[in-house]
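Please look at the sequence and the model first.

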Amino acid sequence: MSRAARATAVGGTTAALLAATALSPGASAATTRAIVAPPDKIVIEVATVNGSGCPLGTAAVAVAPDNTAFTVTYSDYLAQVGVGAEPTDFRKNCQLNLVVHVPQGFTYAVASADYRGYASLAAGASAVQKASYYFQGSPSTVARSHPYKGPYADNWQATDSTDWAQLVWAPCGEKRNFNINTELRVSAGTSDPTKTNSFIAMDSTDGDIKTVYHLAWKECPR
């Protein structure tokens with residue numbers, strides 16, 4: 001399927017991601033505790049961006065003026081199988097390695113994740129959206145996946161969340177890179193890939209998908 005055709009199918013879909021680092025399967029909605037931003041600005045640098053879902057020049061990071069969020073914008077993130085697809089198109093991923101400069105005396109955590117996109121799956125086909133988050137040097141990686149089955153032709157949304165008490169905080173006084181790995185995967189299953197095209201996208205007709213990471217802040221022990 002050509003990019004123009006995919007864009008038409010996707011329509012005006014946009015996607016926002018509110019990231020999570022410690023997401024327990026039974027976690028309730030994110031705490032309603034107010035997010036208090038530090039007085040000084042945070043600075044986020046992109047150390048590396050790698051993956052078939054974010055080719056060079058298709059992902060950018062911007063920090064919100066109030067320091068409570070940052071946005072990753074994608075312009076080419078779609079996995080597909082069938083007519084018009086290359087053999088490697090069934091899986092797309094993007095690994096972001098971010099350097100987060102936090103104001104002195106503060107630390108941060110990433111609290112909840114809300115994924116949106118568009119999928120068009122033939123009968124018998126399936127797709128999955130997956131994400132994992134970890135701090136550099138951390139022994140654990142948290143991953144969650146959300147499956148979709150054809151026939152399906154609509155926007156999709158998947159949400160993960162965690163309570164304040166279960167948040168994983170960046171170590172105080174240390175610089176740890178924050179890693180975000182997302183993945184889209186499609187399987188033809190019992191559908192006929194010689195006659196159909198199935199895809200899942202975090203993509204839109206305006207060429208951008210915005211992924212917003214909302215941060216929770218707390219002061220480090222003195």
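This is a predicted model: local features need pLDDT of at least 70, side-chain atom pairs count only at pLDDT 80 or more; totals for chains, interfaces and linings use all residues.

A residue counts as buried when its relative accessible area is under 20%. By that cut-off, 47% of the 222 residues of the chain are buried.

**Overall make-up**

The chain contains one helix and 13 strands. Among contacts with a separation of 6 or more, 83% join residues 24 or more positions apart.

**Confidence**

The mean pLDDT of the chain is 76, and 75% of the residues reach 70 or more. The table gives the two elements at the ends of the range.

| Element | Residues | Mean pLDDT |
|---|---|---|
| Helix H1, lowest | residues 3–10 | 41 |
| Strand S4, highest | residues 78–82 | 96 |

Over residues 2–34, pLDDT stays under 50. For this stretch the model has 96 contacts beyond four places in sequence.

**One residue in detail**

Ala 216 lies in strand S13, which spans residues 209–219. Is Ala 216 buried or exposed? Its relative accessible area is 2%, so Ala 216 is buried. Ala 216 and Tyr 108 are 108 residues apart along the chain, yet their C-alpha atoms are separated by 5.6 Å.

Conventions. Residues are numbered from 1 along each chain as its sequence is written. Side-chain values use heavy atoms; hydrogens and water are left out. pLDDT is the predictor's confidence in each residue, from 0 to 100. Helices (H or I, at least four residues) and strands (E, at least two) are DSSP runs, numbered from the N terminus. Contact means heavy atoms within 4.5 Å. Buried means under 20% relative accessible area, exposed over 50%, partly exposed in between (1.4 Å probe, protein chains only).
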